[in-house]
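Welcome! Here is a friendly tour of the contacts in this model, grouped so that you can follow along in your viewer.

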Amino acid sequence: MDKVVIVGSGIAGLSCAIRCAGAGMHVVLVSPFPSERSQSVMAAGGINAVTSDHESGDSVSSHIEDTLKGGCYLAGRMAVSGLCSHAEDIIRYLEGIGTVFSVDEKGRPMRRAFGGQSFKRTYYCGSGTGKIIVSALVMEARRLEAAGLITRMLWQHFHSALIHEGVCRGVLLFDDRTGNLHPIYADAVVMATGGQNALFGKTTGSTQCDGYAAGMLFMQGAQLKNLEFIQYHPTTIETPQKRMLISEAVRGEGGRLFYQEDGKRVYFMEDKYGEKGNLMTRDVISREMESTGRDIFLDVSFLDKATIDNRLGEVRDLCMKYAHLDICRDPIPVAPSVHFFMGGLAVHLNHETNLRNLFAVGECASMYHGANRLGGNSLLAAIYSGNVAADEISGRASDENTHDFTLEIEKKKEALARMFDSQSRFPSLYIRNMLSDTMRKNLGIVREESSLRHGIEELEYYISIADQIRYDSSVNPYDNYSLTGILALARATLECALERKESRGSHYRSDYPETDSTQSFASLVSYDGGKYTVCPDKECFYES
Amino acid sequence: MKVRILRQNSPEDQPHWETFDYNGPEDASVAAVLDYINYNDDIETDEGKKTSRIIWDCSCLQGICGACAIVINGRPALACETFIRDLKEDVLVLRPLRKFPVIRDLMVDRSSIQENLKKSGMFIGEYSGSDEREHDHQYSVSKCLKCGLCLEVCPNYINGKTFFGAAFANDCYVVASRNSAKSDEIRKTYAEHFGSGCSKSLSCMDVCPMKIQTIASIAKMNRMKSRNRKSE
Ligand SMILES: Cc1cc2nc3c(=O)[nH]c(=O)nc-3n(C[C@H](O)[C@H](O)[C@H](O)COP(=O)(O)OP(=O)(O)OC[C@H]3O[C@@H](n4cnc5c(N)ncnc54)[C@H](O)[C@@H]3O)c2cc1C
Ligand code: SF4
Ligand code: FES
């Protein structure tokens, strides 16, 4: 193929763009903002890989097993094997383009262990792994931009895909600066738009990850997968605008979780799971915290100041800056928060969706993490998936057929112009906030049928009014037109959670608390004129 | 608290000031103040005049993406990590960065930062290994947000001109120190677009949210120069 358009310029979009351009393709890389503003820069902990100098006993197959087990055997073995066996190449590649990894006194990259891993295999760059990788990839992309192979377009929001008879032929974009919709035609389209934070309002991630693109493509015929699997991070602090992540390192250094009862501290994790209770996995701790029904605190004030300064300096600064709290003195008030989405656009092993020439990579695609993601695997998956899609696209012949989308585009322009015309002061943000209330209440850490049904009813209502309301047009038009796609995605997520009548990984049903071995299939959801159909992927359609 | 904001409807329009009343929480960040004012059926100035919602940029809301860089009470800073409790003044005055074209209100077009880096060939290409002692500074410099705060405060930086400012100087250092084969080329472009224009006011370091020691990049670039000259 000759020309590809990539939507989203985080780590997945950048990786795909660089690889496509490296193969001689012309890439148009679009996003509203430069890569430095993507959620990828927030990844702190690291990226997993078993390399030839691995810890004694570790192996690629151990990485594969850990990943499959962490995901409760819902991710496909072939996909996960591909991911883990290419991890070393990816680390070497990142080193080769100048990524500043943390190194020991001999200059060798250092590794740490993340939860759910049998060995230390997480490479990291200080406390800013995502940021440092983005910086290196941005420079490498710049090399190809200068060579005329990558064209970056900023201020561009995805509007919809140009699809005819099941084949994707380009995208329609909204340009913030001109206020216009404009098409870009290409041989292939790659979506790299990240997770779906907006469904839940405040999360640990970026405001830019709203899930709209996945929702809109769903309405245009793309299948979605495993939406019910949403990772909660147990230790986050509340600020007026977001939930801020308190690193797992705090518990690693001995931090203790407790609540207050009758003036006494109850160390509920230690009481239930023994000495190592505070180090249980994210999903277990989140559920236990929730089941106490109390305000939970994380205490490190008993550690000596030097340990806090040397090992938890970033957490100390963050708490001081955002919560005005001195962790050397006071316990940190924490609560679980939505952190990562295992579900997203359903893709085959080559990262193509069910629509021909439409690909999805990074967090917006669902592939490697099954029912639960291991820390450090999503940066790896973002890069690997970008590479896989690029290799497929560059090796494929361009489709000679064309289609005239003029009429369709004109209609969409008219609909947008009607939105601009509005004199209303009603902010679409009100609906977004109602949505996140609904999702938090009914699709929390513990779910059950009646609340899921209640959530679906509320969603039906929002969807029924969303198109009727006139919105304040003084905000960015994207904020208004994106509502429909976001609501459809939210509804699909609730439907998937309702349909999975078992507990597995991050999906916990109080009415079906056990894992049911007959349900070890991914869930697929499709949309047809307002009808949502969920079915298990029994044929392993996407494992090919 | 009164909040004065310099507003502009489009790149072509004239900017104008509007004042709002803020009665929200006292521990809010400037970003939270903007959200608070915007979250109403009707947005009104302190004189009750209806107006449009305030447009501003954000992404991470925790000081690591650089989106929300604006001028706060005369000082260039990130809105999401500047707290009203820490301000000395009892009025909050917000304006967009002056060194970049305004798109709307507090949102500006900083693409010139990337364009300058592209024009000057600022990429590592192939990592050639580097001196371990350089590691910490390379790490620190790789955290640059490309937020433009250093350019806003710099007396020599003018958008569209040939002096590219601190963000550029720091990237020069990363490239030259991680690919020795490119260091001659980078030294040249550094001299042309930074070395010759920098008057060492170093105000860039005072406002840098990542606390990047640009002075260390300058010193290292200069040393690199003399070292190579010696070996010539
Ligand atoms: C606080 C935090 C810490 C984390 N730590 C780790 C870690 O230590 N290790 C790890 O492996 N993972 C970690 N993760 C997860 C990891 O960061 C993400 O999964 C990964 O970075 C996703 O990359 P991406 O390229 O798919 O998406 P993103 O980086 O989110 O990029 C999405 C891109 O799409 C663009 N976009 C979005 N919507 C649209 C639209 N409608 N139109 C046009 N463009 C659009 C955005 O502007 C952006 O450019 C962490 C996540 C968070 C939030
Ligand atoms: S050097 Fe500092 S102030 Fe300048 S762009 Fe980078 S992070 Fe921002
Ligand atoms: S929103 Fe990212 S730095 Fe403020």
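In this predicted model, B:E81 and A:K321 form a salt bridge, with their closest N and O atoms 2.5 Å apart.

**Chain B against chain A**

- The contact involves 58 residues of chain B and 58 residues of chain A.
- Together the two chains bury about 4700 Å², and carbon and sulfur atoms give 55% of that area.
- On the chain B side, B:Y39, B:R53 and B:Q62 supply 13% of the area buried against chain A, which is more than any other three residues.
- Several elements of chain B each supply at least two residues to the side that touches chain A: the helices α1 (30-38), α2 (111-119), α3 (135-142) and α5, and the strands β8 (102-104) and β9 (107-108).
- Sorted by class, that side of chain B has 27 nonpolar, 17 charged and 14 polar residues.

**The two domains of chain B**

- Chain B is divided into domain 1, residues 2-108, and domain 2, residues 111-231.
- Taken over C-alpha atoms, the centres of these two domains of chain B are 30 Å apart.
- Across the boundary, 17 residues of domain 1 of chain B are in contact with 16 residues of domain 2 of chain B.
- The two domains of chain B bury about 1200 Å² between them, with 62% of it on carbon and sulfur atoms.
- B:P76, B:K99 and B:F100 supply 51% of the area that domain 1 of chain B buries against domain 2 of chain B, more than any other three residues.
- The rule finds one salt bridge between the domains of chain B; B:R98 forms a salt bridge with B:E152, their closest N and O atoms being 3.3 Å apart.
- Six residue pairs are in polar contact between domain 1 and domain 2 of chain B, with both residues at pLDDT 80 or more.
- On the domain 1 side of chain B, the elements giving two or more residues are β5 (69-72) and β6 (75-78), and β6(B) provides the largest share with four residues.
- By class, this domain 1 side of chain B has eleven nonpolar, four charged and two polar residues.

**The two domains of chain A**

- The domain assignment gives chain A a domain 1 at residues 232-337 and a domain 2 at residues 406-519.
- Their centres, taken over C-alpha atoms, are separated by 31 Å.
- Six residues of domain 1 of chain A are in contact with six residues of domain 2 of chain A.
- About 580 Å² is buried between the two domains of chain A, 66% of it on carbon and sulfur atoms.
- Which residues of domain 1 of chain A lose the most area to domain 2 of chain A? They are A:Y232, A:R287 and A:E290, which together account for 83% of what that side buries.
- Between these domains of chain A the rule finds zero salt bridges, and the count of residue pairs in polar contact is one, with both residues at pLDDT 80 or more.
- Helix α9 of chain A, residues 282-292, gives the most to the domain 1 side, with four residues.
- That domain 1 side of chain A divides into three charged, two nonpolar and one polar residues.

**Ligand 1**

- Ligand 1 is surrounded by 36 residues, and the closest are A:S40, A:G45, A:Q208, A:E363 and A:S378.
- A backbone N or O atom of A:S9 lies 2.9 Å from an oxygen atom of ligand 1, and a backbone N or O atom of A:A12 also lies 2.9 Å from an oxygen atom of ligand 1.
- For A:A44, a backbone N or O atom is 3.5 Å from a nitrogen atom of ligand 1.

**Ligand 2**

- The residues around ligand 2 include B:C144, B:C147, B:C150 and B:C208, along with B:K146, B:N170 and B:M210.
- Two helices of chain B, α4 (149-153) and α5 (166-178), each supply at least two residues of this shell.
- By class, the shell around ligand 2 has nine nonpolar, two polar and one charged residues.

Definitions and conventions. Residues are numbered from 1 along each chain as its sequence is written. Chains are lettered from A and ligands numbered from 1 in the order in which they are written. This is a predicted model: local features need pLDDT of at least 70, side-chain atom pairs count only at pLDDT 80 or more; totals for chains, interfaces and linings use all residues. Side-chain values use heavy atoms; hydrogens and water are left out. A residue is near a molecule or strand if one of its heavy atoms lies within 4 Å of it. Ala, Val, Leu, Ile, Met, Phe, Trp, Tyr, Cys and Pro count as nonpolar, Asp, Glu, Lys and Arg as charged, and the others, Gly among them, as polar. Contact means heavy atoms within 4.5 Å. Buried area is the accessible area (1.4 Å probe) that two parts lose on being put together, summed over both. A salt bridge is a side-chain nitrogen of Lys or Arg within 4 Å of a carboxyl oxygen of Asp or Glu. Domain bounds come from an automatic or database domain assignment. A polar contact is a pair of N or O atoms within 3.5 Å; within protein, one must be able to donate a hydrogen and the other to accept it, and residues adjacent in sequence count only if both atoms are side-chain atoms.
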